[in-house]
Amino acid sequence: MNRRSYSIIRLLLPLCIVILALQPLYANASNNDFEKPRSYSQWRFSTNILPYSLTIINAAAEYIINPKISVELPVFYCPWHFNNTFSVRTLAIQPECRYWIKDAIRGHYIGIHANIAQYNLLNHRDRYQDRVRPLLGVGLSYGYLLPFNSKWSALFSIGIGYSSTIYKRFYNIDNGAHIDNRSTHYIGIDMIGASIVYNL
């Protein structure tokens, strides 16, 4: 098995576990759970399962402003390097504003989000560390909220955007020497999520 296949399996395995674990909740949910009147001015809290494959812990708070609009603030944090080949030490936020196609209780949404991240990345022979400013970006997103009952849901999301960063490059060894300074501009997928959501 090559390194790319191993990385894909590590990313998808938590998603499969979540789907299998939550299937009984969906099967046992009664229709009454969805028929109860709901207040749209409410909070939701969630965690994205996929970043845990890189030992990045995360949590998000979402406030539903009205039946069509909500805002969310996720925080991602990893204070350690879990191996010496590929690892991300980071503190990042990804605020997002969402427009719900039907309503904010379930179904599809489209959104706009920003990316702000400080990082220290190991990638084989090199180490990359942000300098001057954090990584900055903006993008568009799509998501689908699948409710299991009045309290628990699953949220699946993906986003595409633009990000830019200025960073220092070092040799990936103890006290590795500084190689150079670089900047990178990226356009592509900048968000992917499979989250467990709890409604207050």
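# Questions about N48 and other residues

User: Which strand does N48 lie in?
Analyst: This is a predicted model, so local features need pLDDT of at least 70, side-chain atom pairs count only at pLDDT 80 or more, and totals for chains, interfaces and linings use all residues. Residues are numbered from 1 along each chain as its sequence is written, and side-chain values use heavy atoms, with hydrogens and water left out. Strands here are DSSP runs of E with at least two residues, helices are runs of H or I with at least four, and both are numbered from the N terminus. The run covering residues 42–48 includes N48, and it's strand β1.

User: Is N48 buried or exposed?
Analyst: Buried means under 20% relative accessible area and exposed means over 50%, with partly exposed in between (1.4 Å probe, protein chains only). N48 comes in at 9%, so this residue counts as buried.

User: Which backbone nitrogen lies 3.1 Å from a polar atom of the N48 side chain?
Analyst: A polar contact is a pair of N or O atoms within 3.5 Å; within protein one must be able to donate a hydrogen and the other to accept it, and sequence neighbours count only if both atoms are side-chain atoms. The N48 side chain has a polar atom 3.2 Å from the backbone oxygen of I192. A polar atom of this side chain also lies 3.1 Å from a backbone nitrogen, and that one belongs to A194.

User: What pattern does the chain follow along the sequence?
Analyst: The chain has 2 helices and 10 strands. Of its 200 residues, 38% count as buried. Read along the sequence, the elements run α-α-β-β-β-β-β-β-β-β-β-β.

User: How many aromatic pairs are there?
Analyst: Rings of Phe, Tyr and Trp (its six-membered ring) pair if their centres lie within 6.5 Å; planes under 30 degrees apart are stacked, over 60 edge-to-face, and the rest tilted. By that rule, the count of aromatic pairs is 5.

User: Why does the pair W43 and F45 get its label, and what is that label?
Analyst: A ring pair is described by the distance of the centres and the angle of the planes. For W43 and F45 the centres are 6.4 Å apart and the planes sit at 15°, so the pair is stacked.

User: What do ring pairs make of W43, F45 and Y63, and how accessible is F45?
Analyst: Ring pairs link W43, F45 and Y63 into a cluster. W43 counts as partly exposed, at 42% relative accessibility. F45 is partly exposed too, with a relative accessible area of 38%.

User: How far apart in space are W43 and I65, C-alpha to C-alpha?
Analyst: W43 belongs to strand β1. Along the sequence, W43 and I65 are 22 residues apart, while the C-alpha distance is 9.3 Å.

User: Over the face of which ring does R127 lie?
Analyst: A charge sits over a ring if NZ of Lys or CZ of Arg is within 6 Å of the ring centre and within 35 degrees of the ring normal. R127 is 4.3 Å from the ring centre in question, and the ring is that of F170.

User: What phi does T55 have?
Analyst: Most residues other than glycine have a negative phi. T55 sits in the loop between β1 and β2 (57–64), and at 24% relative accessibility this residue is partly exposed. T55 isn't a glycine, yet its phi is positive, at about 60°.

User: Where is H124, which also has a positive phi?
Analyst: H124 isn't a glycine either, and its phi is about 60°. Its relative accessibility is 36%, so H124 counts as partly exposed. Its place is in the loop between β6 (107–123) and β7 (126–130).

User: How far is P134 from T165, C-alpha to C-alpha?
Analyst: P134 is in the loop between β7 and β8 (135–147), and is partly exposed with a relative accessible area of 23%. P134 and T165 are 31 residues apart along the chain, and their C-alpha atoms are separated by 6.7 Å.

User: What is the relative accessible area of W100?
Analyst: W100 is in strand β5 (residues 96–100). W100 and P67 are 33 residues apart in sequence, with 7.6 Å from C-alpha to C-alpha. W100 is buried, and its relative accessible area is 0%.
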